[in-house]
Every structure is written in structure tokens, then in C-alpha cells.
Amino acid sequence: MWSDSQKSRLIESILISIPLPFFYFDVRNDEKWEVVDGLQRLTSLREFIFDKTLTLCDLEYLTELNGKKFD
């Protein structure tokens with residue numbers, strides 16, 4: 001489980017256009033995709049964008065966004 005600091009740094013990486021590693025899914029069943037690699041990254045994005053429960057913290061480059069949420 002990633003800390004809020006690690007999740008925030010992922011969001012910061014996206015905002016400054018650093019490419020993310022690929023996400024890998026098992027799609028043998030069209031009705032149920034399973035995440036093989038990338039679950040923590042996807043969870044971080046969900047918490048920030050959809051759940052709006054992640055408050056950015058410990059950012060290195062976009063320090064003006066520390067304490068901010070997605071809105």
C-alpha cells in the first residue's frame with residue numbers, strides 16, 4: 001500500500017508529463033479484466049480524481065499544489 005506522499009508524487013509525475021510505465025491486464029474474460037501490474041497507480045488515480053480523498057503532499061516540483069485536491 002502506497003503512502004499519500006507516494007500517491008502524490010505519482011500525480012505530480014503525470015502533471016509534469018513524465019511517462020508512466022504500462023498497465024498490464026489479464027483480459028481472457030471479456031466481462032472481467034484483472035490488473036496484473038499497475039494496481040497501486042490505478043488506485044492512486046481513482047482516489048485523486050474520482051473519490052477526491054487524496055490531498056497532495058510532499059511534492060518536489062509543483063510545491064504550490066501541496067494541500068490541494070482534485071476539483
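In this predicted model, the 9 positive and 13 negative charges of the chain have mean positions that lie 3 Å apart. The surface that carries such groups can be described as well: the accessible surface of the chain comes to about 5,400 Å², and carbon and sulfur atoms account for 55% of it. Of the 71 residues in the chain, 23% are buried, and the C-alpha atoms, taken along the principal axes, fill a box of roughly 45 × 25 × 20 Å.

Turning to the secondary structure, the chain contains two helices and two strands, which follow one another along the sequence in the pattern α-β-β-α. When contacts between residues at least 6 apart in sequence are considered, 40% of them join residues at least 24 apart.

Within α1, the buried residues are K7, S8, L10, I11 and E12. An α-helix has 3.6 residues a turn, so residues three or four places apart point the same way. As for what lies over the buried residues of α1, the cover includes α2, the helix of residues 39–50. Just after α1, the backbone at S17 adopts a positive phi of about 70 degrees.

Definitions and conventions. Residues are numbered from 1 along each chain as its sequence is written. This is a predicted model: local features need pLDDT of at least 70, side-chain atom pairs count only at pLDDT 80 or more; totals for chains, interfaces and linings use all residues. Side-chain values use heavy atoms; hydrogens and water are left out. Buried means under 20% relative accessible area, exposed over 50%, partly exposed in between (1.4 Å probe, protein chains only). Helices (H or I, at least four residues) and strands (E, at least two) are DSSP runs, numbered from the N terminus. Contact means heavy atoms within 4.5 Å. Accessible areas come from the Shrake-Rupley method with a 1.4 Å probe; for residues, only the protein chains shown count as cover. Lys and Arg count as positive and Asp and Glu as negative; His and the chain ends are not counted. The place of a charge is taken as NZ of Lys, CZ of Arg, CG of Asp or CD of Glu.
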